[in-house]
Amino acid sequence: MTINELQDNVIEEFATFDDWMDKYALLIDLGNSLPPLDEKYKTESNLIEGCQSRVWLQADYVDGKVVFQGESDAVIVKGIVSLLINILSNHTPQEILDADLYFIEKIGLKEHLSPTRSNGLVAMVKQMRMYALTFKAKGN
């Protein structure tokens with residue numbers, strides 16, 4: 001599936017709920033379905049700067065694609081991490097760099113997050129793009 005197809009699926013899934021409490025519950029469920037991050041990846045270098053809660057993001061380059069793993073100590077943030085991983089993981093660095101992450105606006109995520117969480121979301125996306133850029137530059 002392309003990044004845009006994955007985003008469209010997320011938009012569809014969130015559209016089934018009118019109430020933001022239900023959407024938060026969906027985010028929490030997504031976070032709970034995220035496999036736990038191996039302790040060896042919970043390092044300072046994998047910690048996202050700019051997040052109020054602690055968020056770790058691990059990226060590996062496997063068969064020409066970037067594979068992300070992540071975790072957070074906050075349940076809603078963990079759900080956001082899960083969304084980003086589901087959409088961006090297993091794509092080429094160029095696909096990640098070219099992606100317009102319109103799902104964030106479409107599901108209303110930005111306006112329903114506190115300013116600090118919103119900044120954290122931007123920091124997570126920025127870090128994922130930096131990993132993609134690094135893998136692309138290495139020409140792996």
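Against which elements do the buried residues of H6 pack? They pack against S1, S2, helix H3 (75-88), helix H4 (93-98) and helix H5 (103-106). The model is predicted, with local features needing pLDDT of at least 70 and side-chain atom pairs pLDDT 80 or more, while totals for chains, interfaces and linings use all residues. Residues are numbered from 1 along each chain as its sequence is written, and side-chain values use heavy atoms, without hydrogens or water.

**View 1. Helix H6, residues 115-138.** Helices (H or I, at least four residues) and strands (E, at least two) are DSSP runs, numbered from the N terminus. H6 has 24 residues and spans 35 Å from first to last C-alpha, close to the expected 34 Å (1.5 Å times one less than the number of residues). Its buried residues (under 20% relative accessible area, 1.4 Å probe, protein chains only) include Leu121, Met128, Tyr131 and Phe135. Just after H6, glycine 139 has a positive phi of about 65°.

**View 2. Packing of H3 and H6.** The two helices meet at an angle of about 30°, with axes 11 Å apart; axes are lines fitted to C-alpha atoms over the stretch in contact, and angles run from 0 to 180 degrees between N-to-C directions. H3 and H6 are therefore roughly parallel (angles under 35 degrees). Contact (heavy atoms within 4.5 Å) involves residues including Ile80 and Leu84 of H3 and Leu121 and Met124 of H6.

**View 3. The hairpin of S1 and S2.** S1 (residues 55-62) and S2 (residues 65-72) pair in the antiparallel sense over eight bridges; pairing requires at least two DSSP bridges. Alanine 59 has phenylalanine 68 of S2 as its bridge partner. Two residues lie between the strands, and aspartate 63 in the turn has a positive phi of about 50°.

Terms used:
Buried < 20%, exposed > 50% of the residue type's maximum accessible area, 1.4 Å probe, protein only. Parallel < 35°, antiparallel > 145°, perpendicular 65-115°, else oblique.
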